[in-house]
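Please look over the model below before reading on. My notes are numbered and can be checked against the structure one at a time.

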Amino acid sequence: MSNIKILCAGNPLLDISSHVEMELLDKYELKLGNAILAEDKHLPLYGEIKSGKVEYIPGGAAQNTSRVCQWMLKDKQTVCYTGCVGTDDNATILKTATESNGVVTKYQVDGSAPTGACAVLINNKERSMVTNLGAANKFNISHFQTEEMKAIVNSAQFFYMVGYFLTVSPDSAVHLGKHAAENDKPFLYGLAAPFLIDFFFDKVSELLPYVDIVFANESEAATLGRKMNWGEDLTVIAEKLAAWEKVNTKRTRTVIFTQGPDATLVFQDGVLSKYSPIKVATEDIVDLNAAGDSFCGGFLAAYSKGQDIAKSVEAGHYASWEIIRQNGATIPAGEPKTQF
């Protein structure tokens, strides 16, 4: 496993993507631009969308990031992804699709639940996501205590995780955070969704001290600002988050806030920088579903190869520009224009 340089952990999901009318969203009390965990009332939705035209795409935020990251790295099988799946066909679909992108998958397997699925409901390029975690919810720290995973953790030089994983196995998240801090390896983390900050904040605040680079979009950043009583000015929130408590003092914390088509804000070593994403004509945008995940994938690819933050952000913008012109987190055919 000495080949593995980057370890991503998260909730493996199969995205079931469908273009729907607003009536369906209203029926299930869903909002565009939101991501929620399915309640019992949402479960019939999965069957309902399957009666129309659907696409099956590997999903789960960190799995998207791992696939995009590996696509942008010349050396394949250097990114490893872990999370828990079931023993069903969906697990096979996920494994095959993710490994076809060159990613090494080391899933924990639990046959007591179906592989996680995410209904991605698209209306006029906006999305609403409803996740039934299924087997993803069964991940536990014992997986990291196997000899194989210990070797992978030791081999990995970079760690990436997203907030969604904190609803599943917060002790695994802290376990990786501690390893990264003790061995001075960068730990990168995406805040993920406002509900995680609102309802799982004890878990978020327990992990943040281990985080070297934080990613968020403008709504997640604003939610964090409210939660911390830092106000809603993103530049202030970025500065305060960068200075917030930190375990590994050999590295300062870098904070990166994406804002869709507007400038990405980066706060690093006391300085705020702004970087403009690549412009995309509205008619060329297919789906904004994995824009943030792919930004993190491009960033991670560049950063893992020693590029500075500015170059890494540029790589993130390039990856997003490619992926939002596809349906979901579909990896474009052919090699990327930018590779590391």
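1. Basis. The model is predicted: local features need pLDDT of at least 70, side-chain atom pairs count only at pLDDT 80 or more, and totals for chains, interfaces and linings use all residues. Residues are numbered from 1 along each chain as its sequence is written, and side-chain values use heavy atoms, with hydrogens and water left out.

2. Strands are DSSP runs (E, at least two residues) and helices are runs of H or I of at least four residues, both numbered from the N terminus; two strands pair if DSSP finds at least two bridges between them.

3. S2 (residues 13–19) runs parallel to S9 (residues 116–123), with 7 bridges between the two. Opposite Leu 13 stands Gly 116 of S9.

4. Nine-stranded sheet. A further open sheet of 9 strands has the order S7-S5-S1-S11-S12-S13-S14-S15-S16, again with mixed pairing. Its edge strands are S7 (104–105) and S16, each of which pairs on one side only. S13 and S14 (residues 254–259) are parallel over 5 bridges, and Ala 216 has Phe 257 in S14 as its bridge partner.

5. Helix H5 (residues 147–155) lies across S1 (6–9), S5 (79–82) and S11 (158–162), at about 120 degrees to S1. Helix H12 (residues 309–323) lies across S13, S14, S15 and S16, at about 150 degrees to S15.

6. What does H9 pack against with its buried residues? These residues are Glu 220, Ala 221, Ala 222, Thr 223, Leu 224 and Gly 225. They pack against helix H7 (194–199), helix H8 (201–207), S13, H10 and S14. Buried means under 20% relative accessible area, exposed over 50%, and partly exposed in between (1.4 Å probe, protein chains only).

7. Annotated position. An unreviewed UniProt entry lists Asp 293 for "active site"; such annotations may be inferred rather than shown by experiment, feature names are shortened, and positions are given in the numbering used here. Asp 293 is in helix H11 (residues 291–304) and counts as buried, at 15% relative accessibility. Leaving aside residues up to four places away in sequence, Asp 293 touches Ala 61, Asn 64 and Thr 65, where contact means heavy atoms within 4.5 Å.

8. Aromatic pairs. Rings of Phe, Tyr and Trp (its six-membered ring) pair if their centres lie within 6.5 Å, and planes under 30 degrees apart count as stacked, over 60 as edge-to-face and the rest as tilted. The count by this rule is 12 aromatic pairs. One of them, Phe 215 with Phe 295, is edge-to-face, at 6.2 Å centre to centre and 80 degrees between the planes. Phe 215 is in S13 (residues 213–217) and Phe 295 in H11, so the pair ties together parts 80 residues apart in sequence. Phe 215 is buried at 4% relative accessible area, and Phe 295 is buried at 2%.

9. Aromatic cluster. Phe 215 and Phe 295 belong to one aromatic cluster that also includes Phe 158, Tyr 160, Phe 299 and Tyr 303.

10. Charge over a ring. Arg 325 lies over the face of Trp 321, 3.8 Å from the ring centre. The rule asks for NZ of Lys or CZ of Arg within 6 Å of the ring centre and within 35 degrees of the ring normal.

11. Positive phi. Most residues other than glycine have a negative phi. Asn 229 has a positive phi, near 60 degrees; Asn 229 is in the loop between H9 (218–227) and H10 (234–243) and is exposed, with a relative accessible area of 69%. Asp 269 also has a positive phi, near 50 degrees. Asp 269 lies in the loop between S15 (262–268) and S16 (271–275) and is exposed at 52%.

Technical notes:
Axes fitted to C-alpha atoms, helices over the stretch in contact; angles between N-to-C directions.
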